[in-house]
Amino acid sequence: MQISDIPFGTTDWSTVPRTEHKGETGLATWQTCHFGKIRVRMVEYSPGYLADHWCVKGHILLCLEGELTTELADGRVFVLKPGMSYQVADDAEPHRSSTAVGAKLFIVD
């Protein structure tokens, strides 16, 4: 990732509008900022959330609260707890998220 042409700044996430995105089950709430071509999000998944698609977008994702299960299309499953992160490249490994208890995430893509 090349980060360029973005001046120093701060983000007060309490002022960033929220958008809702339904999963196959549950709800995701996103707060999104764009810095050039980089998207930065604070995402909250409700308990019982299951993504409604397999994602092929690359991300760097940090679990802040709760517990996130990430399933890869090849059948591998990873569980993130607060303080854990994952990274995956664009078009590298299709993945989808779910959570039984809810999760709050910080995502850069």
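Helices (H or I, at least four residues) and strands (E, at least two) are DSSP runs, numbered from the N terminus. By that definition, Gln 31 lies in strand 2, residues 27-35, and Trp 30 is found in strand 2 as well. The model is predicted: local features need pLDDT of at least 70, side-chain atom pairs count only at pLDDT 80 or more, and totals for chains, interfaces and linings use all residues. Residues are numbered from 1 along each chain as its sequence is written, and side-chain values use heavy atoms, with hydrogens and water left out.

- Gln 31 is buried, with a relative accessible area of 4%, whereas Trp 30 is partly exposed, at 21%; buried means under 20%, exposed over 50% and partly exposed in between, for a 1.4 Å probe and protein chains only.
- The side chain of Gln 31 reaches the backbone oxygen of Val 16 at 3.0 Å.
- Contacts are heavy atoms within 4.5 Å. Not counting residues up to four places away in sequence, Gln 31 touches Trp 13, Val 16, Pro 17, Arg 18, Val 40, Arg 41 and Met 42.
- With the same exclusion of residues up to four places away, the residues touched by Trp 30 include Thr 19, His 21, Arg 39 and Val 43.
- The C-alpha atoms of Trp 30 and Glu 44 are separated by 6.6 Å, and the two residues are 14 apart along the chain.

**The largest pocket**

- A pocket is found on a 1 Å grid over the protein atoms alone, as an open set of points where a 1.4 Å probe fits, with protein on both sides within 12 Å along at least five of seven lines; lining residues have an atom within 4 Å of a point.
- The largest pocket holds about 270 Å³ of space, a volume being the space filled by probe spheres set on the grid points, which are joined across faces, edges and corners.
- Its lining has 18 residues, and Trp 30, Arg 41, Tyr 45, His 53 and Cys 55 lie nearest the centre.
- Two or more lining residues come from each of strand 1 (18-22), strand 3 (38-45), strand 5 (59-66) and strand 9 (95-99).

- Four strands form an open sheet in the order 4-9-6-7, with antiparallel pairing; two strands pair if DSSP finds at least two bridges between them.
- The edges are strand 4 (49-50) and strand 7 (77-80), each of which pairs on one side only.
- Strand 4 pairs with strand 9 in the antiparallel sense over two bridges, and Tyr 49 stands opposite Thr 99 in strand 9.

Methods: Polar contact = N/O pair within 3.5 Å; in protein donor to acceptor, adjacent residues only side chain to side chain.
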